[in-house]
Amino acid sequence: MKSNKDLVNYLVMTGILKSKEIINAFTAIDRKDFVGLENVDNAYEDHALSIGYGATISQPTTVAFMLERLGAMPGNIVLDIGTGSGWTTALLATIVGQKGRVYGIEIVPELVAFGQYNLDKYKFSNISLEQAGDTLGLPANAPFDRILVSAGTNHVPNELLMQLKEGGTMIIPIDA
């Protein structure tokens, strides 16, 4: 694939991308803006790419799948744990719109800076990105309508469940 449009068309044709809001977000947010210079030529490929520090920008199919399951809507308040390059944070901010808010946290300081640099390309006013602290999540900003966790774990942390609004949705990869 040679362009963001090709990537979006591929994700729609495979049936992974379905909802209008998420298709619009993938169309508006170019994955190439969130990969390092060494991966610009591979930005539209459907696989994870290294962003350094042992982290990756996730495979587009995986991100589309997770966002479809998350079901974020305009006006939602979302916690994005493990922002990495900022790509999913930007997608979420586009989905929730100006009446919504996305709080992104990242544990690796260099990736906080990289993610902020990438997000600044889009002039978002509905994103707060910060360094993750000793506490899991952002309890001071809870409750959240949606929580997206990018890193796998072997259990669902109660600390995050306590930060989720009643009836909210959390997507978290569980290692079996």
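**A helix pair and the parallel sheet**

Modeller: Happy to! Helix α2 (residues 20–28) and helix α4 (residues 87–96) have axes that come within 9 Å and cross at roughly 130 degrees. This is a predicted model, in which local features need pLDDT of at least 70, side-chain atom pairs count only at pLDDT 80 or more, and totals for chains, interfaces and linings use all residues. Residues are numbered from 1 along each chain as its sequence is written, and side-chain values use heavy atoms, leaving out hydrogens and water.

Helices (H or I, at least four residues) and strands (E, at least two) are DSSP runs, numbered from the N terminus. Axes are lines fitted to C-alpha atoms, for helices over the stretch in contact, and angles run from 0 to 180 degrees between N-to-C directions. Under 35 degrees counts as roughly parallel, over 145 as roughly antiparallel, 65 to 115 as roughly perpendicular and the rest as oblique, so α2 and α4 are oblique to each other. From α2, the contact (heavy atoms within 4.5 Å) involves E21, I22, A25, F26 and A28, and from α4 it involves W87, L91, T94 and I95.

Now for the sheet. Five strands form an open sheet in the order β5-β4-β3-β6-β7, with parallel pairing; two strands pair if DSSP finds at least two bridges between them. At the edges, β5 (127–131) and β7 (164–171) each pair on one side only. Further in, β3 (residues 77–81) and β4 (residues 101–106) run parallel and are joined by five bridges; I81 has I105 as its bridge partner in β4. Helix α5 (residues 109–120) packs on this sheet, touching β4 and β5, and its direction makes about 160 degrees with that of β5.

Strand β6 (residues 144–149) holds D145. With a relative accessible area of 13%, D145 is buried (under 20%; exposed is over 50%, partly exposed in between, with a 1.4 Å probe and protein chains only). Leaving aside neighbours within four places in sequence, D145 contacts G75, N76, I77, L164, K165, G168 and T169.

In the loop between β5 and β6 sits P143, and the peptide bond from A142 to P143 is cis, with omega near 5 degrees. K123, in the loop between α5 and β5, has a positive phi of about 55 degrees although it is not a glycine. K123 is exposed, at 70% relative accessible area. Most residues other than glycine have a negative phi, and most peptide bonds are trans.
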